[in-house]
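Here are my notes for a colleague who is opening this entry for the first time. They are set out as numbered points, to be read beside the sequence and the model.

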Amino acid sequence: MVHAVPRRPREARAGVSERQGGATTTHSHAPAQTAPPLQHSPDPKVWTSAGHTQVFWEDSIISGYRHPQSSALDCVLSSFQMTNETVNIWTHFLPTWYFLWRFCVLCSTVDFLSESYTWPLLVYMLLICLYPFTSSCAHTFSTMSSEARHICYFFDYGALSLYSLGCAIAYASYVMPECWVNSQLHHHFVLIAIANSVFCTSMSCYSRFLELQFPHRSKILRTGAFVIPFMFDNIPLFYRLLLCFCGSCSHTDALSSHCYHLLFAFLTCFLFASHLPERLAPGRFDYIGHSHQLFHICAVVGTHFQMEAIVADMTSRRSSLAAHSAAPSFLGTLGALALGVLLNLGIIALFSASLLRAPNLGSEKGVATNRALHPSAAAKDE
């Protein structure tokens with residue numbers, strides 16, 4: 001049996017949706033002294049955010065919010081209650097176990113310890129287990145405080161950035177077109193991917209400092225931070241697909257899986273950027289069906305097809321790739337992963353320290369101050 005999150009004083013609960021008597025009620029984000037009555041309408045109005053909890057609000061999501069100062073236990077228990085984050089948590093927590101199961105199956109058939117040819121796959125499998133688990137934890141504990149929310153998502157961005165590095169390591173070893181093997185791009189592919197990982201984590205973390213004051217700039221910056229590594233990682237695949245469309249290669253199961261992965265990657269990006277369908281009907285998709293949930297599902301399904309494609313390429317192209325290039329090295333696989341982890345942890349530590357030293361940078365108080373100092377810049381972004 002799961003207990004409801006404890007009730008808080010009215011002032012602390014302003015602007016936060018709370019379950020009462022089995023129904024969800026939506027509180028206004030206006031100041032406490034002018035707070036309107038609770039909204040029970042099936043078509044609630046979007047209240048203007050004026051308190052510190054604005055940082056927790058999502059575009060076109062009206063109700064189902066958890067208390068912005070929940071304890072860790074409250075956060076865990078909330079994953080078994082129906083809030084607007086519940087599906088977000090489970091759509092990445094359950095796939096973590098699926099990918100772990102697939103990893104265990106591969107461990108029984110692939111010699112990861114002594115066969116260096118399998119090390120890129122090992123790196124990739126570790127990271128596709130890491131990124132959904134980190135995302136699930138970020139969504140679970142993001143309502144402990146405004147600072148905790150930012151730091152949780154710093155780690156989420158870092159895990160996604162490392163996943164892009166894992167894709168690059170696997171693509172360099174298994175997906176690279178034969179005519180590009182031993183080219184300058186091939187030799188520097190992983191190094192550039194490490195730099196992309198640093199760029200991705202840095203820009204996405206920085207975008208959170210702009211989120212309240214310049215929401216459009218923040219969204220563009222964060223989207224670009226992930227699109228650039230994705231586009232780079234897939235350059236070898238795009239070229240292989242181009243050759244196949246021109247009739248220069250035979251159709252394989254791996255290429256079919258790659259195409260499905262690209263389709264779901266496009267859907268993932270579209271859902272992240274568009275906030276559809278909730279933007280068309282604010283409040284109607286607060287609990288089930290909003291874009292972030294669909295974004296999670298498309299990302300996981302796309303990762304599944306990508307995993308299948310990489311395993312198929314690793315198996316079917318082994319002899320041809322071995323004839324043109326040396327076996328993957330420790331430095332180019334596990335060493336690159338270790339360097340990427342250290343660099344990303346360092347970036348997260350720097351942004352977290354900056355946030356904790358000057359917490360107003362990520363809060364409404366800081367936004368109010370910056371708007372007063374730079375009203376014209378804020379007006380332009382809005």
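1. The side chains of His292 and His139 make a polar contact with each other at 3.2 Å, in what should be read throughout as a predicted model. His292 lies in helix α10, while His139 is found in helix α4. With a relative accessible area of 24%, His292 is partly exposed, whereas His139, at 3%, counts as buried.

2. The surroundings of these two histidines can be listed once residues up to four places away in sequence are set aside. His292 then touches Asn88 and His139. For His139 the list is Arg66, Glu85, Asn88, Ile89, Tyr153, His292 and His296.

3. Where does the UniProt annotation "binding site" fall? According to that record, an unreviewed entry, the annotation covers His139, His292 and His296. These residues span 158 residues in sequence, yet no two of their C-alpha atoms are more than 11.6 Å apart, so they gather at one spot.

4. Thr303 also has its place in helix α10, and it is buried, with a relative accessible area of 2%. Its side chain reaches the backbone oxygen of Ala299 at 2.8 Å. Not counting residues up to four places away in sequence, Thr303 touches Phe99, Tyr124, Ile128, Tyr131 and Tyr163. The C-alpha atoms of Thr303 and Leu262 are separated by 9.7 Å, although these residues are 41 places apart along the chain.

5. Asn344, which lies in helix α12 (residues 331–357), counts as buried at 2% relative accessibility. The side chain of Asn344 reaches the backbone oxygen of Gly340 at 2.7 Å. Leaving aside neighbours within four places in sequence, Asn344 is in contact with Gly158, Ser161, Leu162, Ser197 and Thr201.

6. Which residues of the largest nonpolar core touch the most other members? This core has 48 residues, and the ones in question are Leu121, Tyr124, Met125 and Tyr174. At least two residues of the core come from each of α3 (86–109), α4 (119–141), α5, α6, α8, α9, α10 and α12, with α5 giving the most, at 12 residues. A second, separate core of 11 residues includes Cys152, Tyr153, Tyr157 and Ile347.

7. Tyr174 deserves a separate look. Once neighbours within four places in sequence are left aside, its contacts include Tyr117, Thr118, Trp119, Pro120 and Leu121, and also among them are Arg240, Ile310, Asp313, Met314, Arg317 and Leu321.

8. After α8 comes Gly247, whose phi is positive, near 85°.

9. The structure holds 7 salt bridges. One of them joins the side chains of Asp59 and Arg279, at 2.6 Å from N to O. This pair links distant parts of the chain, 220 residues apart, since Asp59 sits in the loop between β2 (23–25) and α2 (72–78) and Arg279 in the loop between α9 and α10. Asp59 counts as partly exposed at 33% relative accessibility, and Arg279 counts as partly exposed at 42%.

10. The side chains of Arg318 and Glu115 likewise meet in a salt bridge, at 2.4 Å from N to O. Here too distant parts of the chain are linked: Arg318 is in helix α11 (residues 318–324) and Glu115 in the loop between α3 and α4, 203 residues apart. At 36% relative accessibility Arg318 counts as partly exposed, and Glu115, at 25%, also counts as partly exposed.

11. Glu211 forms a salt bridge with Arg208, their closest N and O atoms being 3.4 Å apart. Arg208 counts as buried at 5% relative accessibility, whereas Glu211 is partly exposed, with a relative accessible area of 23%. Together with Arg222, Arg208 and Glu211 are linked in a network of salt bridges.

Technical notes: Residues are numbered from 1 along each chain as its sequence is written. This is a predicted model: local features need pLDDT of at least 70, side-chain atom pairs count only at pLDDT 80 or more; totals for chains, interfaces and linings use all residues. Side-chain values use heavy atoms; hydrogens and water are left out. Helices (H or I, at least four residues) and strands (E, at least two) are DSSP runs, numbered from the N terminus. Buried means under 20% relative accessible area, exposed over 50%, partly exposed in between (1.4 Å probe, protein chains only). Contact means heavy atoms within 4.5 Å. A polar contact is a pair of N or O atoms within 3.5 Å; within protein, one must be able to donate a hydrogen and the other to accept it, and residues adjacent in sequence count only if both atoms are side-chain atoms. A nonpolar core is a set of buried Ala, Val, Leu, Ile, Met, Phe, Trp, Tyr and Cys residues joined through side-chain atoms within 4.5 Å. UniProt positions are given in the numbering used here, feature names are shortened, and annotations may be inferred rather than shown by experiment. A salt bridge is a side-chain nitrogen of Lys or Arg within 4 Å of a carboxyl oxygen of Asp or Glu.
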